[in-house]
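Notebook open, side chains on screen. I want to go through the charged contacts and then the rings.

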Amino acid sequence: MSNSKVVYEGWMVRYGRRKIGRSFIHMRYFVLETRLLAYYKKKPQDNVVPIKTFLIDGNCRVEDRGLKTHHGHMVYVLSVYNKKEKYHRITMAAFNIQEALIWKEKIESVIDQHQESQAANGNKFHSFEYKSGTDNGRNGSSSDHESQFSAAEDEDDSNSNLLRRTTIGNGPPESVFDWTKELDSELVNQNSNNQAFARKYWRLLQCQNGLRIFEELLEVDFLPKSCSRAMKAVGIVEATCEEIFELVMSMDATRFEWDCSFQYGSLVEEVDGHTAILYHRLQLDWFPMVVWPRDLCYVRYWRRNDDGSYVVLFRSREHENCGPQPGFVRAHIESGGYNISPLKPRNGRPRTRVQHLMQIDLKGWGVGYISSFQQHCLLQMLNSVAGLREYFSQTDERTTAPRIPVMVNMTSVSSTSKRSHKLHSSSVHRSPSLDQIQAANKNAVLMDEYSDEDEDFQCADQEALPSTVEIEDKRAAYEEPKEQIDLSVFSGNLRRNDNDKARDCWTLSEGNNFRVRSKNFCYDKSKITAGKHLMDLVAVDWFKDTKRMDHVARRRGCAAQVASDRGLFSIIFNLQVPGSTHYSMVFYFVTKELVPGSLLKRFVDGDDEFRNCRLKLIPSVPKGSWIVRQSVGSTPCLLGKAVDCNYIRGPKYLEIDVDIGSSTVANGVLGLVIGVITTLVVDMAFLVQATTTDELPERLIGAVRVSHLELSSAIVPILESDSAEPSKS
């Protein structure tokens, strides 16, 4: 064991089910070594004993459990176990598929090494590869069922030379037609007696929005009205298969951004990790005052193929918890879904071919009497492929893996429209956040065979728990009691006015206007609204001069000196704008005292290198021209790395002189802003970036809103020369 080295490590989710049937998740730090898989409560240091360890040898296997729902949020579950000891296993999960696939690949590579070494030594070990080939058109793979045993446990050990298959899922339910197999001629030959896999022929119907729209060619000349032709859209999307798959699986508000036919969706029943029953309302724009809206209840099956492609299949079915809805016509999907296949990258960007097929009977009188109704609505649904393409083409911010989407559970549907409306509004807009889930988990009893024995929490209803924002605000208020500061003693030359329509003034900007790193950011990159400020903004000065104005805190009678005289501590932000006339906008933030050991205290007392790595600005332009809003954006910026910052530490203050002119990019944006500054409303939030779990969640130093600023209102300050200037540190 001493020769063991770390192969891969990182935060993952501990996933399991309690004996009462409800699932739990906990963030744990997993470490994979050459002979061992272990997890800890936090990143291990020195000789910390892990919560649980699992010995890896050639008899181990990684079993895909697929997507599992936990309080509406979905995780991708892997189960690692030894075939000889089926009861001993570690079940782990991830919030995005990419991370789960990396872990799967790393663990399998370690298993392969042991397998090779055992084979070289002539030792017999049990085969752990998946069966290849198909069984009645179903892909051989690992089990998706919540069982302590794998469905493929009894595979023949003599077939140890079979290649491991990365395909997951037991194959679609019998009623679901896998149309993605149409072009597999070998499969067609093997299943020549199975009409479900008869080859389809397609005719290009039209090109629309950069998509090719195909119509199924049928051998019969006449179709009954209840049977529609299949149509599919084919398009290229510049994104990875995983990114597209996770959007396609979404049934929350993100779907509104790319699917114009989506109105509402919810989970009716989770069959297993690859199969679910869904309820779906369509947003169709065909004479909505006359034609009733349509809804669907269907089974959705998905799998990942060996080549990295994803298949999502649909087929309508009835369900006891999803009966007819008042005011809706229940449409019927004969066949449908997505085929998401990787292509070779072009110009360094990933490319994926997306096929979206639908064969649907929209039912109702409109289908029989208006021939174009069916095709119009079908084209609207297929156009979602163009929506996916545009969704990804209009952003470059995809550095972090997307989260697996939220899925809302559908309760037993009442026959009254009032109950139906309540279900719609509450499910879509009030689905529980991940932070609420994790707050609930802190009070959950772990009772299953995979639970962590060292945890002893009491059970509580999730609905009775306050939101994480409220919890964190209460905690912060408890740890950092703030006494009220008399603001009347402070003044600056730029007036404060809280009226929304006021001009040439400033006001406080609510913390809820900004999103900052949450307590769980290190694990899942989640963000929350900022909440209350750590310091009070007491005054704003608006200066101009023929030269750059440094160290404005030395100005006699300024807010920083008034605060110092009263024993208060100030942080001053001096935003320096260069030009033929130099401008400075100065913000004075004041507090009674800095909390010892806090991140803000460490920032104030730290060196310049630490400050430059941590000082963050979040800008926003709520009102202004489109081009300015796009140029400024709302992405957080580390000021010390973007522009030159000069830190001046006084006995009761820290002044930060921010030279915006030191950056060519910032100067260009600033030139654009200055020209139209009287038409803008600008929000700015200042904070110290948190990078470790004990520093999270982030808190704002303060935030300000400046409205319709006039250059002519700036004044020339009288800066006193001070021979005993504070140190620049």
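Which side chains meet in a salt bridge at 2.8 Å, N to O? I looked it up: Glu 108 and Lys 104. Keeping in mind that this is a predicted model, I checked where they sit. They are four residues apart in helix H1 (residues 97–120), so about one helical turn separates them. Both Glu 108 and Lys 104 come out buried.

I picked out two others. Asp 498 bridges to Arg 496, with the closest N and O atoms 3.2 Å apart. Asp 498 is partly exposed at 49% relative accessible area, and Arg 496 is partly exposed at 38%. Arg 548 pairs with Asp 550, closest N and O atoms also 3.2 Å apart. Here I read 42% for Arg 548, partly exposed, and 25% for Asp 550, partly exposed as well.

I also noted a salt-bridge network linking Glu 63, Arg 65 and Arg 89. Arg 89 turns up again with its charged end over the ring of Tyr 81, 4.5 Å from the centre. Lys 232 does likewise over Phe 214, at 5.8 Å.

Then the rings: 18 aromatic pairs. Phe 30 and Tyr 39 make a tilted one, 5.1 Å centre to centre with 40 degrees between the planes.

Last entry: Phe 245 and Tyr 310 are stacked, 4.5 Å centre to centre and 20 degrees between the planes. Phe 245 is in helix H3 (residues 241–248) and Tyr 310 in strand E16 (residues 310–316), so the pair ties together parts 65 residues apart in sequence. I find both Phe 245 and Tyr 310 buried.

Key. Residues are numbered from 1 along each chain as its sequence is written. This is a predicted model: local features need pLDDT of at least 70, side-chain atom pairs count only at pLDDT 80 or more; totals for chains, interfaces and linings use all residues. Side-chain values use heavy atoms; hydrogens and water are left out. Rings of Phe, Tyr and Trp (its six-membered ring) pair if their centres lie within 6.5 Å; planes under 30 degrees apart count as stacked, over 60 as edge-to-face and the rest as tilted. Helices (H or I, at least four residues) and strands (E, at least two) are DSSP runs, numbered from the N terminus. Buried means under 20% relative accessible area, exposed over 50%, partly exposed in between (1.4 Å probe, protein chains only). A charge sits over a ring if NZ of Lys or CZ of Arg is within 6 Å of the ring centre and within 35 degrees of the ring normal. A salt bridge is a side-chain nitrogen of Lys or Arg within 4 Å of a carboxyl oxygen of Asp or Glu.
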